[in-house]
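Biologist: I have a few labels to check against the model. Can we go through them one at a time?

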Amino acid sequence: MLRYYISILLLFSGLHIYAQDSIPKITKYPQRYGIRIGTDVFKASRNIWDKDYTGFEVNADYRLKENLYGVVEIGMEKKFKEEDQLTFTTKGNYIKIGVDYNLHKNWLDMENIIFVGGRYGLSLHSQQLHSYKIYTQNPYFGESEVYPELLSKGLSAHFVELVGGIKVEVLNNLFLSFSVRLNYLITQKQPEGFENLYLPGFGRKYSGNIGANFNYGLSYFIPLYKKQPVKKELQ
């Protein structure tokens, strides 16, 4: 009987050693740090199919920490808009500065990103009021239309953005991205007797100071150095 127990112990010991040897070792890949430079492909394509729009954007992000990225977005927009009561053109430049936080845990050496972030934006622009209609309560005469061609320069707007989106590596170092932005206008300088209805970088301003837009991006990652991932100790 003693020999029987000894045989069982030796068998389990052998299985335990075999199991330890058969468990694959998890490789921790060093993570790359660098700058990603790109553009908004939606704005670029809009120049082709929207005759009332001209614009572009150049953007870049830099990896500050394991999951934190600093972001800069610079662009220009010119938008002609015809509405029921007025017709105008907005033209100007914008810059946005902020951060993105990566919520995604990649497998192996993948570098895809699911992020949330924020931006502070500044728009410097001009608006030209081409025409507007004067409302009248007398239907016999109808509305009269005025063509002042009033140009207002030196306008500005400060706003913040809440951003959420994804970045996916489709080829080596080449990323496609999509993001949704919710904007809030902090302060603005408006034309006299006229309202800012479209702001470069902000887009169309809807009810109150709220706006929304989206972004399709194409960017290229330039690696600068590598770091080992941060080890998190179990409590």
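Biologist: Which residues form one aromatic cluster?

Modeller: The model is a predicted one. In it, Phe42, Trp49, Phe178, Phe214 and Tyr216 form one aromatic cluster.

Biologist: What makes Phe178 and Phe214 partly exposed rather than buried or exposed?

Modeller: Buried needs under 20%, exposed over 50%. Phe178 has 28% relative accessibility, so it is partly exposed. Phe214 has 36%, so it is partly exposed too.

Biologist: Next, the stacking. Why is the pair of Tyr33 and Tyr225 called stacked?

Modeller: By the pairing rule there are seven aromatic pairs. For Tyr33 and Tyr225, the ring centres are 5.4 Å apart and the planes meet at 10 degrees. Pairing asks for centres within 6.5 Å, and stacking for planes under 30 degrees apart. Both conditions hold, so the pair is stacked.

Biologist: What parts of the chain does that pair tie together?

Modeller: Tyr33 lies in strand β1 (residues 31-40) and Tyr225 in strand β11 (residues 210-227). The pair therefore ties together parts that are 192 residues apart in sequence.

Biologist: Is Tyr33 buried or exposed?

Modeller: Its relative accessibility is 4%. The limit for buried is under 20%, so Tyr33 counts as buried. Tyr225, at 36%, counts as partly exposed.

Biologist: What makes the aromatic pair of Phe178 and Phe214 tilted?

Modeller: The planes are 35 degrees apart, with 6.4 Å centre to centre. Stacked needs under 30 degrees and edge-to-face over 60; the rest count as tilted. This pair is tilted. Phe178 sits in strand β8 (residues 174-189) and Phe214 in strand β11, 36 residues apart.

Biologist: How do you know that Arg63 lies over the face of Tyr33?

Modeller: Arg63 is 4.6 Å from the ring centre. The distance limit is within 6 Å, and an angle limit of within 35 degrees of the ring normal applies as well. Lys167 likewise lies over the face of Phe115, at 5.6 Å from the ring centre.

Biologist: Now a loop residue. Why does Asn112 count as buried?

Modeller: Asn112 has 16% relative accessibility, and buried means under 20%, so it counts as buried. Its place is in the loop between β4 (86-102) and β5 (113-134).

Biologist: What lies 2.9 Å from a polar atom of the Asn112 side chain?

Modeller: The backbone nitrogen of Glu169. The cut-off for a polar contact is within 3.5 Å. Beyond four places in sequence, Asn112 also touches other residues, including His104 and Lys167.

Notes
Residues are numbered from 1 along each chain as its sequence is written. This is a predicted model: local features need pLDDT of at least 70, side-chain atom pairs count only at pLDDT 80 or more; totals for chains, interfaces and linings use all residues. Side-chain values use heavy atoms; hydrogens and water are left out. Helices (H or I, at least four residues) and strands (E, at least two) are DSSP runs, numbered from the N terminus. Buried means under 20% relative accessible area, exposed over 50%, partly exposed in between (1.4 Å probe, protein chains only). A polar contact is a pair of N or O atoms within 3.5 Å; within protein, one must be able to donate a hydrogen and the other to accept it, and residues adjacent in sequence count only if both atoms are side-chain atoms. Contact means heavy atoms within 4.5 Å. Rings of Phe, Tyr and Trp (its six-membered ring) pair if their centres lie within 6.5 Å; planes under 30 degrees apart count as stacked, over 60 as edge-to-face and the rest as tilted.
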